[in-house]
Amino acid sequence: MDASSSSWLVIALAMAAANLPFVNDRLFAMLPFKSAAGDRRVAGRRKPLFVRLLEMFVLYLVVGAVGFALEARIGNAFPQTWEFYAITGCLFIVLAFPGFVVRYLRKHHG
């Protein structure tokens, strides 16, 4: 895989991972979310925003690890400073905006 296609792969993966916490009510789209009240699952229980943000942070780390692995496979991986992580974190938040709008800002009719 060349540098261009691996870059587009990481961008597409970041777009999907950034919106994943907002499009479903399962943890990482696999585990059912249980309420803190006990083992009883309340029908229609939604994840709180802080859980979605925590899930987003974990997915940011996963996408970063995939990007680092692809970069190392192509050649030497460049060392990054805090500016790189600040910019990519902000970009990840911007990529999550469509999912946030659908979950919290769109009117649900019906």
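Reader: How many helices and strands does the protein have, and in what order do the elements run?

Author: The model is a predicted one. It contains four helices and two strands. Read from the N terminus, the order of elements is α-β-β-α-α-α.

Reader: What percentage of the contacts with a separation of 6 or more is between residues 24 or more positions apart?

Author: The protein has 110 residues, and 25% of them count as buried. Among contacts with a separation of 6 or more, the share from residues 24 or more positions apart is 72%.

Reader: How many salt bridges does a search of the whole structure find?

Author: Side chains of opposite charge can pair when their charged atoms come close. The cut-off applied here is a Lys or Arg side-chain nitrogen within 4 Å of a carboxyl oxygen of Asp or Glu. With that cut-off, the number of salt bridges found in the whole structure is four.

Reader: How many residues apart in sequence are the parts that arginine 46 and aspartate 25 tie together?

Author: The side chains of arginine 46 and aspartate 25 form a salt bridge, with N to O at 3.5 Å. Arginine 46 sits in the loop between β2 (31-32) and α2 (49-74), while aspartate 25 sits in the loop between α1 (3-23) and β1 (26-27), so the pair joins parts whose separation in sequence is 21 residues.

Reader: Which helix holds arginine 103, the residue that forms a salt bridge with aspartate 25?

Author: The closest N and O atoms of arginine 103 and aspartate 25 are 3.7 Å apart. This pair links distant parts of the chain, 78 residues apart, with aspartate 25 in the loop between α1 and β1 and arginine 103 in helix α4 (residues 97-105).

Reader: Are arginine 103 and aspartate 25 buried or exposed?

Author: A residue counts as buried under 20% relative accessible area and as exposed over 50%. By this criterion, both arginine 103 and aspartate 25 are buried.

Reader: Which helix gives the largest share of the lining of the largest pocket?

Author: The largest pocket holds about 690 Å³ of space, and its lining has 24 residues, with Val10, Gly64, Gly67, Phe84 and Thr88 nearest the centre. The elements that give two or more residues to this lining are α1, α2 and α3 (82-95). The largest share, 10 residues, comes from α2.

Reader: How many residues of that lining are nonpolar, polar and charged?

Author: The lining of the largest pocket comprises 24 residues. By class they are 17 nonpolar, six polar and one charged.

Reader: Which residues does alanine 18 contact, leaving aside its neighbours within four places in sequence?

Author: Alanine 18 is part of the largest nonpolar core, which has 11 residues, including Phe22, Leu59 and Tyr60. Helices α1, α2 and α3 each supply at least two residues of this core. Beyond its sequence neighbours, alanine 18 is in contact with Met56, Phe92, Leu95 and Ala96.

Reader: What are the positive phi values of phenylalanine 28 and alanine 29?

Author: Phenylalanine 28 is in the loop between β1 and β2, and alanine 29 is placed in the loop between β1 and β2 as well. Phenylalanine 28 is partly exposed at 30% relative accessibility, and alanine 29 is partly exposed at 34%. Neither is a glycine, yet phi is about 55° for phenylalanine 28 and about 60° for alanine 29.

Reader: How far apart in space are the C-alpha atoms of glutamate 71 and serine 6?

Author: Glutamate 71 is found in helix α2 and is partly exposed, at 24% relative accessible area. Its contacts beyond four places in sequence are Asn76, Ala77, Phe78 and Gln80. Glutamate 71 and serine 6 are 65 residues apart in sequence, and their C-alpha separation is 8.1 Å.

How values were computed: Residues are numbered from 1 along each chain as its sequence is written. This is a predicted model: local features need pLDDT of at least 70, side-chain atom pairs count only at pLDDT 80 or more; totals for chains, interfaces and linings use all residues. Side-chain values use heavy atoms; hydrogens and water are left out. Buried means under 20% relative accessible area, exposed over 50%, partly exposed in between (1.4 Å probe, protein chains only). On a 1 Å grid over the protein atoms alone, a cavity is a set of points where a 1.4 Å probe fits but cannot get out, and a pocket is an open set with protein on both sides within 12 Å along at least five of seven lines; lining residues have an atom within 4 Å of a point. Grid points are joined across faces, edges and corners, and a volume is the space filled by probe spheres set on the points. Ala, Val, Leu, Ile, Met, Phe, Trp, Tyr, Cys and Pro count as nonpolar, Asp, Glu, Lys and Arg as charged, and the others, Gly among them, as polar. A nonpolar core is a set of buried Ala, Val, Leu, Ile, Met, Phe, Trp, Tyr and Cys residues joined through side-chain atoms within 4.5 Å. Contact means heavy atoms within 4.5 Å.
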